[in-house]
Amino acid sequence: MQNENVSCVTVGAGTSACSINGSQEVRMTNSSTGGPVFVYVKDGKIVRLTPMDFDETDPESWKIEARGKVFTPPRKTTIAPFTAGQKSMVYSDKRILYPMKRVDFDPNGERNIQNRGVSGYERISWDEAAEIVCGEVNRIKREYGPSAILSTPSSHHLWGNVGYRHSTYFRFMNMMGFTYADHNPDSWEGWHWGGMHMWGFSWRLGNPEQYDLLEDGLKYAEMIVFWSSDPEVNSGIYAAFESTIRRKWLKDLGVKMVFIDPFFNHTANWIGDKWFSPKTGTDHALSFAIAYTWLTEGSYDKEYVATHAYGFEEWSEYVLGKTDGEPKTCEWAEKETGIPACDIRALAREWGKKNTYLAAGGLGGWGGACRATHGIEWSRGMIALATMQGMGKPGSNMWSTTQGAPLDTEFYFPGYAEGGISGDCDNSAAGFKFAWRMFDGKTTFPSPSNINNGQGQHIPRLKIPECIMGKEFQWSGKGFCGGDIPHQMHQYQYPAPGYSRIKMYWKYGGPHIGTMTATNRYAKMYTDSELDFVVSQSIWFEGEVPFADVILPACTNYERWDISEFANCSGYIPDNYTLCNHRVISLQMKCIEPLGESKSDYDIYAFFAKKLGFEGQFTEGKDELAWVEQYYNATDCPKLMTFADFFKKGYLVVPDNTTRKKTVALRWFAEEREKDTPDWGPRCNNSVGYKGLQTQTGKVEFIATSIKRFEEQGFVDEYRPAMHTYVKAWESHHCELAKKYPLGMLSPHPRFSMHTMGDGKDSFMNDIKDHRVEVDGYSYWIIRINSEDAAARGIKEGDLVRAFNDRGSVILYAQVGERTQPGTVHSYESCAVYDPLGKPGCSADRGGCVNILTPDRYMSKYACGMAPNSAQIEVEKWNGDIYEIY
Ligand SMILES: Nc1nc2c(c(=O)[nH]1)N[C@H]1C(S)=C(S)[C@@H](COP(=O)(O)OP(=O)(O)OC[C@H]3O[C@@H](n4cnc5c(=O)[nH]c(N)nc54)[C@H](O)[C@@H]3O)O[C@H]1N2
Ligand SMILES: Nc1nc2c(c(=O)[nH]1)N[C@H]1C(S)=C(S)[C@@H](COP(=O)(O)OP(=O)(O)OC[C@H]3O[C@@H](n4cnc5c(=O)[nH]c(N)nc54)[C@H](O)[C@@H]3O)O[C@H]1N2
Ligand SMILES: [Mo]
């Protein structure tokens, strides 16, 4: 849509917006996890959302010249499917419109804890809600101390840097005092626990930098190997379809596209030239066989390896079978992976000859394979292959086509992970830069160190059920920590010495049954008699929300003020706005009034802060819009536009910086120069200074010095040896469990929703036949099964089936076909609907939470990550039973 007929007017209380053809419809701006949007509002209702198209006043876009062509991006933004469907989410019939109380919960009498998840709700007023919640907070603090209050938000959040979980949420929680459930590094797992020990990048949790790789790729790429990578679905993260045009350019240039994925994924479907489908849990056998072929045929970069790798010779002996008697040949890998040896050899040979980019995962890093039982060795295998081909040289790098656009990295606008109004330098990246720009010295940062709270105790999110159910335990490792490489090796215990057990849970959102592991645990924990009180602060009635005693209705970002940049999260993915084709900063306007009696999370917290006695400290007398203005002025934006102009226009496009020096990722490493990219990381804490990687030797460590030292201290870990080794996955076709449960289930991220956000709630996504399918009026989640496996079980397309193992049962809709091979089934994770047919946590779920079937075992003994992409299951036609197990 063009803008000619749009004129800007002022509506309501200072709200700036543009009206269309003089009608009552106004065009406002907002943003989402899948792109910034124009929001058309009429009579106080959202009429539609569209991507943003730029006008002649917006700055020119960048140009790249390569192979005799000029490439420049379209002058508009793209949006993800879940953004296109957001209107249906705002007006969903599952919106929580009023504070609610469980009917049989009485804080001064019978609590009926055993009925959580079963009993219904009654409407209460905000004052009644405050009386109950503040009464419990104060009682629990008095009896046990603040550490008895557990809270955690989720990985994702409706967009906006002020109202975000790193911002408003931590500001409040740090002031109240609580025990935080640390997130495992869910997106990174194998890279965090394995990759980081091989090449550092701790400030990226083990993922590589991606600067200026688009230009390098357009100039030099001959082949791209997408390994556990489906960028048409995952968009790196938050970047909608911004990189689609780049893959089109590359395809048109004749670049060969190879896919390694047990699932015939959507990007492969569009541009794939060749698809390899390994059995689940065996990718690292394939990477070892490729390395074996290169070693025996001499088709790797020997000089590079000699100067850039540590432990390579000893590792080569292992690959060749000289130390363990098992040469990692293509024939050996065929037995492990099911891929014919001749195909593996052909891939290795072509890769050895051509300029090849390894798209390991969808971001340049990540990939479902890193969230599997072989995730640690898969990630290390990817780094090994990239190293053997001289990564950093022109035409050779680890790059997923998603990041690396030539945007202005000198212009400062923080991502959501930089803390917003929390100033929390422990739980966000506020300490990097933003806190110092945001706060003027008159304010005390509300960071944990200067507030009396329970931050000294934190527990792992993956063990919330065990903590709530009162178990004492110890664990090793911390996710989302990247101070240095050994940072992740810390040892912990629950309860932490001197701290309290959990008595109350203040949940923010409710997705865990659809997203964590062996998730019947998350349903069962709510009926534990030790858990005195549960409050859920949520937008929708979904997932685990119906287990709460009190529900507080939050509103969406279309009902409050905020500010943000397209895709920019920052923190552990510095400068990730290079996923996009333009840097777009949006004012997120309050487009409509909060529905019902819902409030923004900020207003909910301000209300409770008042009742708990710290309103002044929490709000500093500001509302959200005042914080947005302060935020704006702490960035580089005022150099381009005053806040008043920004307020009128609603968005800002950062101009192309034509004087910026191009600094290709890892080129400095390949050329043994000092690091010159704008990457954040500690550049020099090894023996070779700015010229080396962060590892102790400054090189890619095929034998990790950090793990070796840990081993010497007594922490010997079968599934994370110091040397990158072929360790058989603990849940795969090899293991005992596979005799009983022969199908390996993949559960990658859903194509049409952003995790649980967008699923269920009678949303637009529910109408997409590849997301859910309706049978007899009920919308079922889908499992994809090979036709041979289906025939052997008497299953036909459209049958309702029971997927099960010892962890539970899930009722699903069967899609039969050839997108997986026999032995592998596929079902997306992150279902938002939990609908147990009998007792919660003990019976089959009809909503589709396949994470019920995933293992809760940690990736390895000392690495407390999740491996949900590995789950051995069985599938049979559903006979209508509820399958209750206790
Ligand atoms: N099987 C399997 N499981 C996986 C993975 C996998 O590959 N396979 N991947 C893992 C990964 S990488 C991730 S990131 C996790 C994601 O797992 P989660 O973080 O558990 O899932 P989300 O859907 O992001 O949860 C967001 C929640 O926050 C709520 N919320 C959003 N915005 C707001 C707001 O403004 N206010 C309030 N009050 N609430 C809000 C939403 O309603 C929702 O309940 O899943 C992991 N689980
Ligand atoms: N539409 C949409 N986009 C998203 C998200 C979403 O929920 N929905 N989530 C965002 C988040 S939080 C993250 S972390 C990123 C994640 O981005 P990625 O980690 O790259 O995405 P995944 O979907 O987990 O996996 C990508 C591909 O890996 C394949 N795969 C899974 N296991 C294996 C394996 O063992 N071996 C091989 N070779 N392939 C495997 C899957 O079939 C899938 O096609 O995506 C982001 N983008
Ligand atoms: Mo993630």
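**Figure 1. A patch of negative charge on the surface of the predicted model.** In this predicted model, the residues Asp93, Asp762, Asp767 and Glu774 gather on the surface in a patch of negative charge. Glu774, one of these four residues, belongs to strand β29, which spans residues 772–775. Its relative accessible area is 59%, so Glu774 counts as exposed, the cut-off for that class being over 50%.

**Figure 2. The salt bridge between Asp770 and Arg784.** The side chains of Asp770 and Arg784 meet in a salt bridge, with a nitrogen-to-oxygen distance of 3.6 Å. This pair links distant parts of the chain, since Asp770 is placed in the loop between β28 (743–746) and β29, whereas Arg784 is placed in strand β30 (residues 778–786), 14 residues apart. Arg784 has a relative accessible area of 5% and is therefore buried, a class that requires a value under 20%. In general, side chains of opposite charge can pair when their charged atoms come close.

Figure 3. An unreviewed UniProt entry annotates residues 782–866 as "domain: Molybdopterin dinucleotide-binding". In the model, the chain over residues 782–866 is 7% helix and 28% strand, and the C-alpha atoms at the ends of this segment are 23 Å apart.

**Figure 4. The salt bridge between Asp799 and Lys877.** A salt bridge with a nitrogen-to-oxygen distance of 3.6 Å joins the side chains of Asp799 and Lys877. Asp799 lies in the loop between α27 (787–792) and β31 (800–805), while Lys877 lies in strand β34 (residues 872–877), so the pair ties together parts of the chain that are 78 residues apart in sequence. Asp799 counts as buried at 12% relative accessibility, whereas Lys877, at 40%, counts as partly exposed. Elsewhere, salt bridges that share partners join Arg111, Glu136, Arg139, Glu143, Lys503, Glu530 and Asp532 into one network.

**Figure 5. The salt bridge between Lys639 and Asp636.** The structure holds 60 salt bridges, and this view shows the one in which the side chains of Lys639 and Asp636 meet at 3.3 Å, from nitrogen to oxygen.

**Figure 6. The loop at Gln821.** Gln821 lies in the loop between β32 (808–817) and β33 (824–826), where its relative accessible area of 23% makes it partly exposed. The C-alpha atoms of Gln821 and Phe264 are separated by 9.2 Å, while the two residues are 557 residues apart along the chain.

**Figure 7. The cis peptide bond from Tyr494 to Pro495.** The peptide bond that leads from Tyr494 to Pro495 is cis, with omega near -10°. Pro495 is found in the loop between β20 (491–494) and β21 (504–508). Most peptide bonds are trans, and most residues other than glycine have a negative phi.

Figure 8. Asp43 is not a glycine, yet it has a positive phi of about 50°, and it is found in the loop between β4 (37–42) and β5 (45–50). At 67% relative accessibility, Asp43 counts as exposed. Asp575, likewise a residue other than glycine, has a positive phi, near 55°, and lies in the loop between β24 (562–565) and β25 (584–588). In contrast to the exposed Asp43, Asp575 counts as buried, at 11% relative accessibility. For residues 35–89, an unreviewed UniProt entry gives the annotation "domain: Pyrogallol hydroxytransferase large subunit-like N-terminal". Over residues 35–89, the chain of the model is 15% helix and 33% strand, and the end C-alpha atoms are 16 Å apart.

Conventions: Residues numbered from 1 in each chain as written. Chains lettered and ligands numbered in written order. Predicted model: local features only at pLDDT ≥ 70, side-chain atom pairs only at ≥ 80, totals over all residues. Heavy atoms only, no water. Patch = residues over 30% accessible without salt bridge, like charges linked within 9 Å, V, L, I, M, F, W, Y side chains within 5 Å. Areas by Shrake-Rupley, 256 points an atom, 1.4 Å probe, with all protein chains shown as cover. Lys, Arg positive; Asp, Glu negative; His and termini not counted. Charge placed at Lys NZ, Arg CZ, Asp CG, Glu CD. Helix = DSSP H or I, 4+ residues; strand = E, 2+ residues; numbered from the N terminus. Buried < 20%, exposed > 50% of the residue type's maximum accessible area, 1.4 Å probe, protein only. UniProt positions renumbered as here; feature names shortened; annotations may be inferred.
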